[in-house]
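We'll look at a loop, some helix packing and a ligand site.

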Amino acid sequence: MTIISDDDNKKFKHAKNEDTSSKEISYDMSFETNIRPKCFNDYIGQTGLKSTLKISIEASKKRELPLDHILFYGPPGLGKTTLASVIAAEMNSNIKITSAPSLERPRDIIGILMSLKSGDILFIDEIHRLNKISEEILYPAMEDFYLDMTTGKSQTLKSIRIPIPKFTLIGATTKAGSLSGPLRDRFGIIHRLEFYTDEELTKVIKRTAGILNIEINEEGAKSIAKRSRGTPRIANRLVKRVRDYAIVEADGLIDSKTAEKALDILQIDKFGLDNTDRSLLNIIAEKYNGGPVGIETLATALGEDVKTIEDVYEPYLVQKGFIQRTPRGRRLTPYACKCFNISDINIQQQLFD
Ligand SMILES: Nc1ncnc2c1ncn2[C@@H]1O[C@H](COP(=O)(O)OP(=O)(O)O)[C@@H](O)[C@H]1O
Ligand SMILES: [Mg+2]
C-alpha cells in the first residue's frame with residue numbers, strides 16, 4: 001500500500017523551508033505515523049463499525065468489486081483518517097489522501113480522479129467544505145465512474161464522457177449536517193464515530209506508551225484515559241505531556257499519582273475539561289443565567305469561533321450531559337449545576353422550570 005497525502009507534501013515543503021522548525025515537524029510526523037493503527041487489530045474500539053466494515057470488505061473482495069463509497073462523521077480526533085488508511089490496508093489498496101480545501105479548482109478534483117487506478121481509495125477530509133462545482137464533478141464519478149467534460153467554444157460546445165477506473169471514495173467530516181443531500185445520498189455506507197470509553201482509551205494509551213517506550217502502569221493509563229474527553233488524539237497528546245512531567249518530577253514511571261499531578265498542572269479536571277470548556281460553562285452560568293444563549297453570542301463572549309465551539313468543545317459537553325442544545329440556544333443542565341456547584345438561585349429556577 002502506498003499513501004500519498006497532500007497534507008504530508010505540504011508539511012515536507014514547510015519543513016524544508018524553515019530550518020528551525022524542521023526537527024519538530026519531522027518528529028511530530030514520525031510520532032503520528034508510528035502510533036497510528038495500521039490494521040483492524042490495532043484499531044481499538046468502534047466495535048460495531050469495525051464489524052460492519054469487515055463484512056463489507058470481505059464481500060467486496062469475494063465479488064471482486066470495489067467497496068461502496070463510505071462517509072465517516074464525528075468530532076475531530078476519533079480516528080476517521082486512521083480508519084480510512086486501515087481500510088486501504090485491509091483491502092490491499094492504494095490510498096490517496098486529500099482534503100476539500102485543497103480541491104478548489106475543477107482541475108484539482110479532475111486531476112486526482114484521472115490519476116486513480118482500479119480499486120484505489122480516495123480519501124477526502126473535511127468533505128463538507130467541497131465547493132459546488134467540484135461536488136458536481138464528483139457525482140457521476142461516484143455513481144457511474146465517468147467524468148462529464150465539455151470541449152470546444154460556445155457554438156461547438158460538446159459534452160464528452162470520460163470513463164475512470166472503479167474506485168472507492170471515503171469522505172470524512174465533523175459536520176454531516178453540512179453535506180448536501182445529493183452528495184450524502186451517493187455514499188453507500190454512512191457511519192458516525194463514537195466517543196471512546198475509558199477502558200478503550202486505557203488500551204490506546206498503553207499501546208502508544210509501548211510504541212514510544214514510555215513506562216506506565218495500568219492505574220496511570222486509567223487516570224489519563226478518564227481525562228481524555230473520549231478522544232484518542234487527546235489521550236496520545238496527554239501521555240506525552242505526562243511523560244515529560246514524570247521524567248522531570250518523578251522517576252519516569254507514570255502511575256496514577258504522577259498522572260493526576262501532571263494533569264492538574266495542565267489544568268485538566270476530573271471530567272476531562274480544560275480552561276476553555278470551563279469558561280464556556282461559566283459564561284452560560286454567570287452572564288446568561290444558565291441560558292439559553294445563542295451560539296454566536298457565546299462564541300463572541302468566549303473569543304472563539306462558532307465552528308470551533310460546535311466541532312470541538314460542544315459535542316463532548318453535550319455527551320457528558322453538561323449542556324443542552326435547544327431551539328433557543330445552549331443551556332446548562334441541572335447535572336452541570338450539581339457537578340460544578342452552581343447554586344445561584346436564578347439559574348436553578350431557570351433550569352428546573
Ligand atoms: N481506534 C483507535 N485506536 C488507536 N488509536 C487511534 C484510534 N483512532 C485514532 N487513534 C489515534 O488518534 C489519532 C487521531 O486520529 P485521526 O484518525 O487523525 O482522527 P480524525 O481523522 O477523526 O480527526 C491518530 O494519530 C491515532 O494514532
Ligand atoms: Mg482526520
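Arginine 229 sits in the loop that runs between H9 and H10. Keep in mind that this is a predicted model. Most residues other than glycine have a negative phi, and most peptide bonds are trans.

Where does proline 292 lie? You'll find proline 292 in the loop between helix H12 (275–286) and helix H13 (295–302).

## H8 against H9

Two packed helices are described by the angle between their axes and the distance between the axes. For helix H8 (residues 198–211) and helix H9 (residues 218–226), the angle is about 120° and the axes are 8 Å apart. Angles of 65 to 115 degrees would count as roughly perpendicular and those over 145 as roughly antiparallel, so H8 and H9 come out as oblique to each other. The crossing of H8 past H9 is right-handed.

On the H8 side, the contact uses Asp198, Leu201, Thr202, Ile205 and Lys206, while H9 brings in Ala221, Lys222, Ile224, Ala225 and Lys226. Sort the residues of this contact by class and you get 5 nonpolar, 4 charged and 1 polar.

## H8 against H10

H8 also packs on H10, here at an angle of about 45° and with the axes 9 Å apart. H8 and H10 are therefore oblique to each other, and their crossing is right-handed.

H8 puts Leu201, Val204, Ile205, Thr208 and Ala209 into this contact, and H10 answers with Pro232, Ala235, Asn236 and Val239. What classes of residue make up the contact of H8 with H10? There are 7 nonpolar residues and 2 polar ones, with no charged residues.

## Around ligand 1

Ligand 1 has 20 residues around it, and the ones that come nearest are Gly79, Lys80, Thr81, Thr82 and Pro232. Helix H2 (19–35), helix H4 (80–91) and helix H10 (232–249) each supply at least two residues of the shell. By class, the shell divides into 9 nonpolar, 7 polar and 4 charged residues.

Why does ligand 1 lie between domain 1 and domain 2? Because domain 1 (36–192) and domain 2 (198–265) both give residues to the shell around ligand 1.

Notes:
Residues numbered from 1 in each chain as written. Chains lettered and ligands numbered in written order. Predicted model: local features only at pLDDT ≥ 70, side-chain atom pairs only at ≥ 80, totals over all residues. Axes fitted to C-alpha atoms, helices over the stretch in contact; angles between N-to-C directions. Helix = DSSP H or I, 4+ residues; strand = E, 2+ residues; numbered from the N terminus. Parallel < 35°, antiparallel > 145°, perpendicular 65-115°, else oblique. Left-handed = near helix turned anticlockwise from the far one by under 90°. Contact = placed C-beta atoms within 7 Å. Nonpolar A, V, L, I, M, F, W, Y, C, P; charged D, E, K, R; others polar. Near = placed C-beta within 6 Å. Domains from an automatic or database assignment.
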